[in-house]
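Dear colleague,

Please read them side by side with the coordinates.

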Amino acid sequence: MKNTAIIGTQWGDEGKGKIIDFLASKFKAVVRFGGGDNAGHTVVINNKKYIFHLVPSAILHPKTLCVIGNGVVINLKNLLKELEELKKTKKKIARIFISEKCHLILPKHIKEDKKKGRKIGTTGRGIGPTYTDAVARKGTRLIDLQGKKSFRPQKYFDYYQQLQKDYQVKIGDCSLLLDKFQQQKKAILFEGAQGTLLDISHGTYPFVTSSHPTIGGIFIGTGFRPRDLEIIGVAKAYTTRVGEGPFPTELKGAMGSFLREKGGEYGATTGRPRRCGWLDLSILRYAKIINGLDNWAITKVDVLDGLKEIKVCTGYQLGSKIIKVFSPNLRILRGIKPIYKIFPGWQKDISKFKKFNDLPTNTKLYLKVIEKETQLKIKFIGVGPERNQLIKCES
Ligand code: IMP
Ligand code: MG
């Protein structure tokens, strides 16, 4: 088994949680490397829906270690809440290891994030202000709680102790731990949160999150260089976005509502309706470059079942120029017009299919177009929310 990274290639919510849950049992550890409880990863097992915000999506695999890397910002209260909820399910859960270098989200950060002002449409979880304090060298880290009974607010010290006592959470340097696993030739799975276009450096700035959901986030967010890394880009069969900012293929009318309702496109963290639109291949080409992707996981293909025709954006028109690769430059984005190709839909429910070859001809055509236009193979195809509703393509 190779080390593997699961990276979001659009604006988050591509269905990474499901892929991670599917793969988790094969790995020694599953590692979150960025973001915080702004993430909402949904896993469905036997009709029961679990939404994880801060705990890695491998938490339901008791033999896999869940690691929260130093690039993650932590709300201790919400982490405990998540663990308490999991306890109620009586399911056996994985052990958790948290980097002592993680910055803490404090009440002041949440207050700051919720202030009205510049309209980015954040999740209001204090993510941005916490990273801001980290960079300004005035943040508070887990390290600062070690042996500090006098830490204010006091409840933070209590949370810190509770995590260790009630949930046997280990706190230390995750870099050393991951290095040890690598020396033992044990494979590690890296769990991306958010997506490429929300990256603080490579996304549609300033309409982005404050972390690095792209591949580079792994190195900084864990202090570890994985060798033999397979990088799987996760893309939804259409596009969604929560919050403000450019979205070239957005559908504002009935078609957008159709995708929202059928795909259950409401924020797992905030409940906000997600903006929906057609698949944009120029975004996928950009994500391939930024992340050095090795293959695709295309999710929620079943949401398109029953449509008469499906549009796919193959590039943009900018004046007399054709642009093939997405640009996060807002000036360019203001001037472009998406170019669409229209494909025939399939009038079948594909949610029970187990093999690529058995899929309806038009579904295969749609997927083949993604491969051809991005010059990258598809490895997984999501055909429903359940753990087993995933087709593994032969390579
Ligand atoms: P923040 O991450 O709360 O600072 O929000 C910044 C932007 O990222 C907003 O547009 C959010 O809606 C978006 N965002 C943050 N986390 C996620 C996610 O997990 N999925 C989708 N969008 C997200
Ligand atoms: Mg999500």
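This is a predicted model: local features need pLDDT of at least 70, side-chain atom pairs count only at pLDDT 80 or more; totals for chains, interfaces and linings use all residues.

Residues are numbered from 1 along each chain as its sequence is written, chains are lettered from A and ligands numbered from 1 in the order in which they are written, and side-chain values use heavy atoms, with hydrogens and water left out.

Around ligand 1 there are 15 residues, of which Asp13, Asn38, Thr123, Thr209 and Arg272 come nearest; a residue counts as near if one of its heavy atoms lies within 4 Å. This shell is made up of six nonpolar, seven polar and two charged residues, where Ala, Val, Leu, Ile, Met, Phe, Trp, Tyr, Cys and Pro count as nonpolar, Asp, Glu, Lys and Arg as charged, and the others, Gly among them, as polar. Among the polar contacts (pairs of N or O atoms within 3.5 Å), a side-chain N or O atom of threonine 123 is 2.6 Å from an oxygen atom of ligand 1. Backbone N or O atoms also take part, that of valine 242 lying 3.1 Å from an oxygen atom of the ligand and that of glycine 121 lying 3.4 Å from one. Taken alone, ligand 1 exposes 470 Å², and the protein buries 97% of that (Shrake-Rupley method, 1.4 Å probe).

As for the helices (DSSP runs of H or I, at least four residues, numbered from the N terminus), α2 (residues 76-88) and α5 (residues 154-167) pack with their axes 10 Å apart and at an angle of about 30°, with axes fitted to C-alpha atoms over the stretch in contact and angles running from 0 to 180 degrees between N-to-C directions. That makes α2 roughly parallel to α5, a term for angles under 35 degrees, whereas over 145 counts as roughly antiparallel, 65 to 115 as roughly perpendicular and the rest as oblique. The axes of α3 (residues 107-114) and α4 (residues 127-135) come within 7 Å and cross at roughly 120°, which makes α3 oblique to α4.

Turning to the backbone, a cis peptide bond with omega about 5° joins tyrosine 205 and proline 206, and proline 206 sits in the loop between β10 (188-191) and α7 (216-222), strands being DSSP runs of E with at least two residues. Arginine 137, in the loop between α4 and α5, has a positive phi near 60° although this residue is not glycine.

Terms used. A polar contact is a pair of N or O atoms within 3.5 Å; within protein, one must be able to donate a hydrogen and the other to accept it, and residues adjacent in sequence count only if both atoms are side-chain atoms.
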